[in-house]
Amino acid sequence: MWYLCVFYHRLLDYRIPEFESLADLFGAFGDKRSSDFNTQDKVLQWRLPKHHHPDSPFHFVHLPYEDVARKIANRSILVKGIYELWGEGNDFEELEEAVKSYPDERKLPYLEYESTFKITVDSFGKVLSLQEQNERIQGLSYIPFKGRVNLKNPDHNFWLMETDENETNNGLPPVVKRRIFFGREIGVADRKLIPMYQLKTRNYLGPTAMDAEMAFLMANQAQAAPGKLVYDPFVGTGSILVSAAHFGAMTMGADIDIRVVRDGRGPDCNVWSNFKQYGLPMPIGLLRADNNLPPWRPGLKEVFDGIICDPPYGVRAGGRKSGGRKLLKGIVSPYTVPDDKRADHIPSTAAYTLVECVHDLLDLAARMLIMGGRLVFFYPVLREDGSVETHFPEHPCFKLVATSEQMLSSRYSRVLLTMVKTSLYTEELALAARIKHLEFRENHLKWLENGNLHSSVFSPADAESGDSKP
């Protein structure tokens, strides 16, 4: 059945990928346990209303069940609401005709004497006064409502929504003609969790803590849910794991900086206290571990249902790996820390380039994710001379199912990559992945290998080109 989906007008590139990830989670594509789940084309049918721009918040989507639509709307961060459309038109006369022609067997169960209802008027691209809203509600008298009005806790919610007819809407997507929609609410988003989890009220923060809204989007992309185990190999202050735990997932994290995962800023201000602040289940473990030297014993594999992270790609923080310059160059030999000094010992580290970091991350995910498990991580994109670098990392064990770009400046953006594990990890695939990694490194810009993304982002373009202004 076709439903009207209304999105919040923000993070436009993230809207449909999040929706389709949740649709998969809630069974819109059938039984995920079937043997052919890797080959299914898990893409929903979408279409736009007449005269609407692709960036419009109004979309029609085809879903198999109303229950799936309700679950998606109630959990999504970017879906404002999903509605059973009773009618639409360019004006109120056309809307009335459409609503009257909608099948009675679909309308009458929600118009009975025993039920209560509420009508909400909403608009996009303009503001309607209270008087205008009341006039529009009075104009719906042709709908045979028999129940009582209940504004606080109605049995059924109905929405009348309209768009402005201006071609330029103050930076909003252009709408050639006015469009009016009327429908029954299936489900709406609960945006209260965004202010509840906002960073400014967080107990323990670091310079790279993930924004609450983005962390919840990442958790939705990874399909975090009760009974699943989610891992963040660059856990930091735990912002991403907090969002996964909110959705009921078990969590586990690691970081190379032992001071972050062990000490924080004291016994009442650390990663654990962030979970305690929101009454969430504690992580099953926080490790001091190096993504370049994973701590897992040989033979351990397919443990995690999802891996979600924001790798250190050198803009706000650079990556580090174990070793130190002298050890990596062979100037000193590997050493063992004496037992009496281990409690306060901070291991030496060296620079960790993005190319090496991404390769290690993909290898970790290929080994440790279950079949069908999801790897969700951010990847930087640098725009040179107006061009966009769009060659993303690959691995033969994974299928890239979604990319969502967020512009952070005129020259730099980050893309959220969502990958699904489709093949078991074998030594042959590990070798093929190594070859892909070498091709990936050779075909990329110098900033990726040399780790100077920070200077490329924050240096003036004129300075890079050699031009100077007086």
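The following questions and answers concern a predicted model of a protein.

Reader: How many helices and strands does the secondary structure of the protein comprise?
Author: Of the 470 residues in this predicted protein model, 49% are buried. The accessible surface comes to about 23,100 Å², and carbon and sulfur atoms account for 51% of that area. The secondary structure amounts to 16 helices and 18 strands.

Reader: Among contacts between residues at least 6 apart in sequence, what share joins residues at least 24 apart?
Author: A contact here means heavy atoms within 4.5 Å. Among such contacts between residues at least 6 apart in sequence, the share that joins residues at least 24 apart is 74%.

Reader: Which elements have the lowest and the highest mean pLDDT?
Author: The protein averages a pLDDT of 86, and 84% of the residues score at least 70. Residues 33-39 stay under 50, and the model has eight contacts for them beyond four places in sequence. Over residues 461-470 the pLDDT is also below 50. Among the elements, the lowest mean, 44, belongs to helix α16 (residues 461-465), and the highest, 98, to β9.

Reader: How far apart are the end C-alpha atoms of helix α12, and what span should its residues give?
Author: Helix α12 covers residues 354-368, and 13 of its 15 residues are buried. At 1.5 Å a residue, its 15 residues should span 21 Å. The model agrees with this expectation, since the end C-alpha atoms are 21 Å apart.

Reader: Is the pair of Phe7 and Phe19 stacked or edge-to-face?
Author: The protein has 20 aromatic pairs. In the pair of Phe7 and Phe19 the ring centres are 6.3 Å apart and the planes stand at 70 degrees. Planes over 60 degrees apart count as edge-to-face, so the pair of Phe7 and Phe19 is edge-to-face.

Reader: Which elements hold Phe7 and Phe19?
Author: Phe7 is buried at 2% relative accessibility, and Phe19 is buried at 0%. The two residues are 12 apart in sequence, so their pair ties together separate parts of the chain. These parts are strand β1 (residues 2-7) for Phe7 and helix α1 (residues 15-25) for Phe19.

Reader: How are the rings of Tyr231 and Phe304 arranged, stacked or edge-to-face?
Author: Their centres lie 4.6 Å apart and their planes at 5 degrees. The pair links distant parts of the chain, with Tyr231 in strand β9 (residues 229-232) and Phe304 in strand β12 (residues 304-309), 73 residues apart. Tyr231 is buried at 3% relative accessible area, and Phe304 is buried at 1%. Because planes under 30 degrees apart count as stacked, the arrangement is stacked.

Reader: Over which ring does the charged end of Arg184 sit?
Author: The charged end of Arg47 sits over the ring of Phe60, 4.5 Å from its centre. For Arg184 the distance from charged end to ring centre is 3.9 Å, and the ring is that of Tyr110.

Reader: Which residues does Pro49 touch, not counting residues up to four places away in sequence?
Author: Pro49 lies in the loop between β2 (46-47) and β3 (58-62). With a relative accessible area of 4%, Pro49 is buried. Pro49 and Glu88 are 39 residues apart in sequence, yet 9.2 Å apart in space, C-alpha to C-alpha. The residues touched by Pro49 are Phe58, His59, Phe60, Glu88 and Phe181.

Definitions and conventions
Residues are numbered from 1 along each chain as its sequence is written. This is a predicted model: local features need pLDDT of at least 70, side-chain atom pairs count only at pLDDT 80 or more; totals for chains, interfaces and linings use all residues. Side-chain values use heavy atoms; hydrogens and water are left out. Helices (H or I, at least four residues) and strands (E, at least two) are DSSP runs, numbered from the N terminus. Buried means under 20% relative accessible area, exposed over 50%, partly exposed in between (1.4 Å probe, protein chains only). Accessible areas come from the Shrake-Rupley method with a 1.4 Å probe; for residues, only the protein chains shown count as cover. The expected span of a helix is 1.5 Å times one less than its number of residues. Rings of Phe, Tyr and Trp (its six-membered ring) pair if their centres lie within 6.5 Å; planes under 30 degrees apart count as stacked, over 60 as edge-to-face and the rest as tilted. A charge sits over a ring if NZ of Lys or CZ of Arg is within 6 Å of the ring centre and within 35 degrees of the ring normal. pLDDT is the predictor's confidence in each residue, from 0 to 100.
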